[in-house]
Amino acid sequence: MKFIRLVSADNVDDGILDNEFNQDIKIEEGSQIAYRSLAVDLDPQEFIVNASNNQITFQSNINDAATIGTAKLSSPVTYNVDNAPELLADLQKKTNEALLYNPKNIGTQFQCIIKNGKSRIESQFCPNSVKVLQNNVAGDFGSTLNDATFSNNGNISASSSQTNDTNLLFSHQEFGKGCAVFRARIRNLTDNGGASNTNGFEIGLSDVSPTTWNTTGAFTLPNAQKTYNVSIGKPTDNYQFSNKDGAYQDSGIAPHLHLLATRTTNDIIEFVKVEDTLQIRLYRNNQVTFDLLSTTNLDTTYNGAGEKGVEQPLYPYIIFHGIAANAILDGYTRCFFDPFVANINPTEAVTNEDIAQGNEHSELGARPSDARPSNKNDGRFTFSSSLTAQHLGFDESVLLSEEAGSNFIVHSRNLYTAALTYDNLVVELMNLQVDSYDGLEKGRRNIIATIPANSDANGVIVNEASNLVFIDLDNAQPRYFRNIKARLLYGDLSDVKTVGLTSLTLLIKKKNE
């Protein structure tokens, strides 16, 4: 029986053990070989994101320099095999922050994931249609309670007047995390002769999931569940708004006369997720700019345990206190949900009514942008540093979409190896033929062992075979070797990166020994 120890050469980190011996090693005919032990330190593949390599940009139209949005990855942060997915998660958040407020970006959201071992950067679009809101406040996706209802053309109202919040519609689905808006235009707002709290409506976004709301009986939602809220009672009242702290503030702004006849110049209330903020905006007739009621930095507001910064889930709701004869929201009401999880059809057509509703607010002085993604994708994603791109598996730092259409999608050409997890390593001989077979390759392969990828506290894998399994060598005649070559592979037969000295021991014996 022969004992052979193979070691890695200096400055070799590819898992290959190529050893030259000063004397012949004779392997008799019909011999067998067995794996005995392995000691290997896998490369942690550390990558540091700092001020020199942390900037990314997304340009939604390569022919328009005004559409370039920038963001910076969190830094300084050291990533390795233990936290590699967190780099993609941060890239996703920051790419969504880079989306500027413009017709092409509204309703667009990015996700950055691992697909078949490669980095994938992709966007999806939530359609610009009142049907999207209707679909997500019904059935499993939300609720429309008591007397709140949609008309055939998308107008929203209630058939009763309530001082409580029972005329409520809400969604279980999350508001978009890219460039997203939740907006409503007032179709009609008149005084029903009652108190202010029997008039008008409320609209907002909650950071408390509606699945936890108590909507039994004659309920009124607590202010903490109306996290970001705009309310209006009588048309002579000022708009009130709240911004996370639950305290309502007087905007000092009263709506002008809102009648069906003046619908095209009626006020529009808009909640805007743009960059790292949530803004509450008010668009009014003859205003040169919109009124900014509040701005919340989502990254700093939601930075506690379990919170997700700009990706914090928010849920849209509308409450009616006034009766339909006095309080109606227009079919132009829109909500752009998270397109990766919401109840949407990405190919849903925008109806003629939707187009008309959207275009009619052109009579406003300051007006919101409508979501109109182009039919072809002419966006461009750029890493400021080629090192960051290469670490994620991309060959280039400037990326164009792989597919036509309104969505952006690109895959890295190479594996994002730091993020891959493996249960085992494969030991393969490179110049000795053995009688072994591999299911992944669907044929013969010179594999002599698979080793659990369990490392010690220092990150070193030290393994010794509990039972020796001898495999037949393919040598019908005696053979002499001065070079024996083996390598380590991951379970999917991809290359292994190592550091320091790797040691592999083998036993060779005659078949009947």
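**Exercise 1. Find which side chains meet E428 and R445, and where each one sits.**

Solution. The side chains of E428 and R445 form a salt bridge at 2.4 Å, N to O. That term calls for a side-chain nitrogen of Lys or Arg within 4 Å of a carboxyl oxygen of Asp or Glu. E428 lies in strand β28 (residues 424–429), and R445 lies in the loop between β30 (443–444) and β31 (447–452). The two are 17 residues apart and link distant parts of the chain. Strands are DSSP runs of E with at least two residues, helices are runs of H or I with at least four, and numbering starts at the N terminus. Finally, check burial. E428 and R445 are both buried, where buried means under 20% relative accessible area, exposed over 50% and partly exposed in between (1.4 Å probe, protein chains only).

A note on the model: it is predicted, so local features need pLDDT of at least 70, side-chain atom pairs count only at pLDDT 80 or more, and totals for chains, interfaces and linings use all residues. Residues are numbered from 1 along each chain as its sequence is written, and side-chain values use heavy atoms, with hydrogens and water left out.

**Exercise 2. Trace the link between R183 and D370.**

Solution. Start with the distance: the salt bridge between these side chains spans 3.6 Å, N to O. Now locate the ends. R183 belongs to strand β14 (residues 180–189), while D370 is in the loop between α4 (352–359) and β25 (380–383). They are 187 residues apart, and the pair links distant parts of the chain. Both R183 and D370 are buried.

**Exercise 3. Decide whether R120 and E122 are buried or exposed.**

Solution. First, the contact: R120 and E122 meet in a salt bridge of 3.2 Å, N to O. Then apply the cut-off. R120 counts as buried because its relative accessibility is 17%. E122 counts as buried because its value is 7%.
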